[in-house]
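Please open the model in a viewer and follow the selections below in order.

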Amino acid sequence: MIAPDDEPTYANLKSNPNQRTPCVLVVDSSGSMSMPTPSNLTRIEELNRGLKAFEEALKSSDVASTRVQVAIVCVGGAAPEADLMMDFTDAHDFEAFDFIAGGFTPLGRGLELALNLVEQQKTAYKSHGVNYTRPWILVISDGEPTDNSGKLVRGTQAWRTIASQCREAELARHCTIYPICVGGADSATLQEISTTPIRLVDQTKFLELFVWLSNSMEAISRSAPGDTVQLPSTSPWEAVKL
Amino acid sequence: MAVENRWLIGKAAVQGVSHLAAGVPCQDYCEVETSPDGRWLVAAISDGAGSAAKAAEGAQIVAQSIVRGLIGEVARLERDGPGLWLKDRVYSILLDTRERLRRTGDDIRDYHCTLVGTFIGPTGGILFHVGDGAAIASRIKLVARAQAQVQELQLWNDVVFSEPENGEYANETFFITQDDWIKHLRGNILSPGVDIVALMTDGAMPFAIQQGQPNAPFMDPLIGQMLRAGDAAERDAILQKYLSLPKANEVTNDDKTLMIAIRRDMADFEQFKIIPSTTVMLMNSLADMAKPKDPNSFETTEEPQPLPKVTLLISLLALAIAIAALTLSGLALYQGRLHKPVPISMQPSNNDAAPRPPGDNPRIDGGTDAPSNSPK
């Protein structure tokens, strides 16, 4: 019973029913990522620095920390198959960790995981009445995709299948796939997974890449209906191909 | 009589933390007008699209145009009740509004904005809607208890809810200013007996609606305070206050615009208390669109008040007699009448020779539902 002096309560309101901006990172931590870069750190060490910067940049923004959600798929590294390292986590709860380089590059499987993750998360959002922006899948790789035993998959039926699934998902606007290659990568094969033009990251500029990613996610998470989102420039991290 | 049917209105537009931080002005516009005797209400909220060059202007022009257009139809709504003619009027006013935006010489897309609104009074009315934001309409039930000195109110009965239409993604919705706007124009005819109408933008939705239901813990005390307020300015201040508190900003960092109109003059009651309602909200307007729904949303349940046994027996006997009488006098009088939302296609009517299906013409009899003992 509400007496005339009673005040409206907020107690039952879901904390943070804000719309979500989901982002999946598909990270190649195969053996080649242990190669040194001109900065004397290895590629994977630079990437780990970048991931930490990603966490800090997201948390420093009120809007990004409440709206952006991050999931991480690891390709290569400890397990022979691709692995879900971190399920979707609100940015303000996200804690960066270190990748360890090693093994092969089962990227096809990693992409499959990412696509499934995105669809599962959308179902979860819908059942909780949470609005969301179009999910991003950011793919970072420095090599050529292989199967679990290290055999190259370029040109195989298996690779063609997953690549076309990725492109179809993009065409159907289920997600945006943003491919990024590191020096030595087979960019032609990687480009097959997306209609977004592949970019080359300067291997000493992972930190700048992840700050750019955080700013981009924030811009998307702020965007209102009718906006065309202007992403920040990629020049702080993009290497010019020779 | 007229005094009791007067609409009491409160509205507030609170800029969201995310817009404050980015220096983006609030681009919502809320326009409200009532007839001189206060019994007829037209209100509209328009939300300008973030990046459209003249979004704020568009929202103002659209909200003002629809309200000014519809307030001229009060006499007709009173005489004829709501019907397809009303839906046609909304459509034609919006066509004129679009033409007016074009005549500025700008691209109409510079004015991108959504629209949610109502035209309502004693004979019923309409909720109209393009894009996001939401509207709810409800009937207040006065609960009579033998020994009570305090009038008890249940606020949420036969609730009609016009949902936001968003497309799949949060940053996509539909505008009155886009090419195929007609496909996204939705409307609900409202039967007589609506006592509460609330219009809101997305940001205010979590406060008013939770789990597909009116959010009583927030709305009931808010409406209680509004009913006790002295004047419109005080009602506005109440809404402004509860949408601006730090606790409110923890819930959302969006702009929050909310208008609540209540058709009751509670000064007639010495004391009143708002008690919980048990009705589940009736969803509508997106029924024919593929969208996941709250599984509870299609039932209406009202639990009877518990009665002592003797009274119950007498009531059952009276009921049996009444049923017999009703059957004889023709059940046709009671078809399709109790505040069922009549989702209507807002496509322009074709005025063709083919007979309309029965559901299209809501019964407009100006009466109240049988078991109510409330003065109207």
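Which are the buried residues of helix 2 of chain B? In this predicted model, they are B:Ala55, B:Gly58, B:Ala59, B:Ile61, B:Val62, B:Ala63, B:Gln64, B:Ser65, B:Ile66, B:Val67, B:Leu70 and B:Ile71. Select residues 55-71 of chain B to display the whole helix, which has 17 residues and reaches 24 Å from its first C-alpha to its last, close to the 24 Å expected at 1.5 Å a residue. Because 12 of its 17 residues are buried, helix 2 of chain B is largely enclosed by the rest of the structure.

Turn now to the aromatic rings, for which the count is 13 pairs over all chains. Select A:Trp136 and A:Trp212: their ring centres are 6.2 Å apart and their planes stand at 45°, so the pair is tilted. This pair links distant parts of the chain, with A:Trp136 in strand 4 (residues 136-141) of chain A and A:Trp212 in helix 6 (residues 206-222) of chain A, 76 residues apart. Both A:Trp136 and A:Trp212 are buried.

Then select B:Phe207 and B:Phe218, whose ring centres lie 5.3 Å apart with planes at 50°, so this pair is tilted. B:Phe207 belongs to helix 5 (residues 205-208) of chain B and B:Phe218 to helix 6 (residues 216-228) of chain B, 11 residues apart. B:Phe207 is buried, at a relative accessible area of 0%, and B:Phe218 is buried, at a relative accessible area of 0%.

Technical notes
Residues are numbered from 1 along each chain as its sequence is written. Chains are lettered from A and ligands numbered from 1 in the order in which they are written. This is a predicted model: local features need pLDDT of at least 70, side-chain atom pairs count only at pLDDT 80 or more; totals for chains, interfaces and linings use all residues. Side-chain values use heavy atoms; hydrogens and water are left out. Helices (H or I, at least four residues) and strands (E, at least two) are DSSP runs, numbered from the N terminus. The expected span of a helix is 1.5 Å times one less than its number of residues. Buried means under 20% relative accessible area, exposed over 50%, partly exposed in between (1.4 Å probe, protein chains only). Rings of Phe, Tyr and Trp (its six-membered ring) pair if their centres lie within 6.5 Å; planes under 30 degrees apart count as stacked, over 60 as edge-to-face and the rest as tilted.
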